[in-house]
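Colleague: I should like to go through this model with you, term by term. Please set each value against its definition as we proceed.

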Amino acid sequence: LQFLSESLCSDWTFVHEAVQQCGALLYASFEIKEVLRRALRQGELRLSEAAEELCKDRGSVLEAVRYDGLSLQHAAAELRSDRQIVLEAICQDGLAFEFVDGELRKDRVVGQMVARSCGMEALTSEQHAAVIIEALRSGSLRLEDDEAAHLRRHRVFALEAVQQDGNALSLLPLDFRNDAELVTEAVKVE
């Protein structure tokens, strides 16, 4: 790769094919890596189609998830537990939480970012609601978080929250605090 002409070095499809064929990303110059990262950043190249080496390259994965948060699923396992990459992916698409590995699934900042990113879509989209419920279950999101305030008025999230932490009942609207099932679930936990 170091002997490529300037015109070939700037052609990301050619460079990517070369990396895929000979696995030479480690030996590529900064300029060649930047050509591939720019293609990822602009969505011309998807991590799902990228050479395996790119899926292991932190800088490339970071660019990919900034463009498409769900690209996290194609990143190497160690990068799915990289806090900066995870936060960038979730910021771009809250559904990326599904692909987060390790202890970051319990990280409060990650959970708050999920709530921020999913926002009101959690109320209308089953897929977004499932991600919010998973964040509540893992403990990374709690109803006391400001980012979760809009969830307190919805029974499905309220039920999940009190099943995780009975004290969450105190954060709920009065009609939920008088709901027999929610109170029973809260008492079970405490």
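Modeller: Of the 190 residues in the protein chain, buried residues make up 49%. Buried means under 20% relative accessible area, exposed over 50%, and partly exposed in between, with a 1.4 Å probe and protein chains only. This is a predicted model, in which local features need pLDDT of at least 70 and side-chain atom pairs count only at pLDDT 80 or more, while totals for chains, interfaces and linings use all residues. Residues are numbered from 1 along each chain as its sequence is written, and side-chain values use heavy atoms, with hydrogens and water left out.

Colleague: Why is Asp 179 called buried?

Modeller: Its relative accessibility is 18%, and the limit is under 20%; therefore Asp 179 counts as buried. Asp 179 is placed in the loop between helix 10 (174–177) and helix 11.

Colleague: What makes the pair of Asp 179 and Glu 181 a polar contact?

Modeller: A polar atom of the Asp 179 side chain lies 3.0 Å from the backbone nitrogen of Glu 181. A polar contact is a pair of N or O atoms within 3.5 Å; within protein, one must be able to donate a hydrogen and the other to accept it, and residues adjacent in sequence count only if both atoms are side-chain atoms.

Colleague: How many helices and strands does the protein chain have?

Modeller: There are 11 helices and 0 strands. Both are DSSP runs numbered from the N terminus: helices are H or I with at least four residues, strands E with at least two.

Colleague: How do you know that the length of helix 8 agrees with expectation?

Modeller: The expected span is 1.5 Å times one less than the number of residues. Helix 8 has 13 residues and should therefore span 18 Å; its end C-alpha atoms are 18 Å apart, which agrees. Gly 139, with a positive phi near 85°, follows helix 8.

Colleague: Which residues of helix 8 are buried, and what covers them?

Modeller: The buried residues include Val 131, Ile 132, Ala 135 and Leu 136. Their cover includes helix 7 and helix 9.

Colleague: What makes a set of residues a nonpolar core?

Modeller: Such a core consists of buried Ala, Val, Leu, Ile, Met, Phe, Trp, Tyr and Cys residues joined through side-chain atoms within 4.5 Å. The largest here has 53 residues, and those with the most contacts inside it are Leu 72, Ile 90 and Ile 132. Helix 8 gives the largest share, 6 residues.

Colleague: Which residues does Ile 90 touch?

Modeller: Not counting residues up to four places away in sequence, Ile 90 touches Ala 96, Phe 97, Val 100, Val 110, Met 113, Val 114 and Ser 117. Contact means heavy atoms within 4.5 Å.
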